[in-house]
Amino acid sequence: MSESNDNLPAETSGIVEVIPNPGMPEHHWRPTDVDPKAERRAERQVAMLFGLSMVCTVLFVVAYFTLSIGEDATVFAGFGASNVALGLTFGLALLFIGIGIIQLARKLMADHEISEMRHPAKSSDEDREVTLEALSQGLEESGLGRRPLIRNTLLGAVSLIGIPLVVGLRDLGPLPGDKLLSTIWEKDMRIVRDVTGTPILLSDLQIGDLANAQPEALFPTEENGYPELTGLEMQVGKSKASVILIRMNPDEIVPNKDRENWSVSGVVCYSKICTHVGCPISLAEQKTHHLLCPCHQSTFDLADSGRVIFGPAARALPQLPIAVDSEGYLVAQSDFTEPVGPSFWERDSS
Ligand code: FES
């Protein structure tokens, strides 16, 4: 070593300092390694956990077939008993397997401590060459390179193999039939304010006003005579029939020859359900009459038949034709003329 290197750190001076091998720490044997009784106890423990998992799986199947769902479902702590039972049994079945495997590894699996030399992660050039050669030889021997027919049909088969899974999604629930084609709106049904159920007078709305509204049938009274809807019927009725009303200057409404009399003095009424994937919408911009869906930013022009002007929605917002009754209240002229909400299997895409 030259004198000039004496005060430099070993790395800078070009000298490699060899760190002595610290060796393995002292090994502590586990109780299950030295005591056969402890080993048997641990074995029983692990087997019991796996056994409990099996019991939970069986209970899951029993719960699936015995607990009813839907309107006559048993309720447990505010949730459907079926959901609670299925969630608990399946969750516990997985948990017991997990704990069992951890216990198996900690207490019973071999407890050798091993060490091995640390090599550079990158393979040597020689190894890489050998590997590449083996790969090209494999490709050559498979014949795929010189048999395009087999190669292409294999690619086709592999790319189509996921389709049965996608098609199987169709069986996830009953098809909706005609349930999505109509709502509870009908001719001369009053449009009432959401939550309070107060009928809306045309004169209640000033230019620029927006109101969230519902059909009067959802707020039955002796006076209006609508039958009371409960449970699922109520929820479905409300979710499909929710609308928004907005009043604008009548001159701003873009004429549409099929919808000449669908608005009243600049008041237009649209479904509140986005036609993309069904989020409720009510973010309106007063000046432009644009309605923005908060979920994926689809934007609809309420002055132009609910036309989509931006975003992923593929269809215009369905418009409810409205009129005014003899007492000045806003009413529907009919149900929607097309299904509301996102597209579905049996619906045409127009
Ligand atoms: S749900 Fe409205 S944009 Fe997606």
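Two strands are said to pair if DSSP finds at least two bridges between them. In this predicted model, strand E8 (residues 290–292) and strand E9 (residues 299–301) meet that condition, for they pair in the antiparallel sense over three bridges.

Strands E8 and E9 belong to an open sheet of four strands, whose order is E7-E8-E9-E10 and whose pairing is antiparallel. Its edge strands are E7 (283–285) and E10 (307–310), each of which pairs on one side only. On average, and with direction ignored, neighbouring strands of this sheet are turned by 30 degrees against each other.

Individual residues show how the strands are joined. Leu 292 has Thr 299 in E9 as its bridge partner. Thr 299 in turn has a bridge partner in E10, namely Phe 310. Strands E9 and E10 run antiparallel and are joined by three bridges. They form a hairpin with five residues between the strands, and in this hairpin Ser 305 takes a positive phi near 55 degrees.

**The sheet from E3 to E6**

Another open sheet also has four strands, in the order E3-E4-E5-E6, with antiparallel pairing. Strand E3 and strand E6 (267–271) stand at its edges with a single partner strand each, so one side of each is left without a neighbour in the sheet. Here neighbouring strands are turned by 40 degrees against each other on average, direction ignored. Within this sheet, strand E4 (residues 210–215) and strand E5 (residues 243–247) run antiparallel and are joined by four bridges. Leu 210 has Ile 246 in E5 as its bridge partner.

| Strand pair | Bridges | Sense |
|---|---|---|
| E8 and E9 | three bridges | antiparallel |
| E9 and E10 | three bridges | antiparallel |
| E4 and E5 | four bridges | antiparallel |

**Domains and a salt bridge**

The chain is divided into domain 1 (31–108) and domain 2 (191–332). The C-alpha centres of domain 1 and domain 2 lie 50 Å apart.

Side chains of opposite charge can pair when their charged atoms come close. The whole structure holds eight salt bridges. One of them joins the side chains of Glu 327 and Arg 190, at 3.1 Å from N to O. Glu 327 lies in the loop between strand E11 (322–324) and strand E12 (330–332), and Arg 190 in the loop between helix H6 (163–168) and strand E3 (191–193), so the pair ties together parts that are 137 residues apart in sequence.

**The largest pocket**

By class, its lining has five charged, four polar and three nonpolar residues.

Technical notes: Residues numbered from 1 in each chain as written. Predicted model: local features only at pLDDT ≥ 70, side-chain atom pairs only at ≥ 80, totals over all residues. Heavy atoms only, no water. Nonpolar A, V, L, I, M, F, W, Y, C, P; charged D, E, K, R; others polar. Helix = DSSP H or I, 4+ residues; strand = E, 2+ residues; numbered from the N terminus. Axes fitted to C-alpha atoms, helices over the stretch in contact; angles between N-to-C directions. Domains from an automatic or database assignment. Salt bridge = Lys/Arg side-chain N within 4 Å of Asp/Glu carboxyl O.
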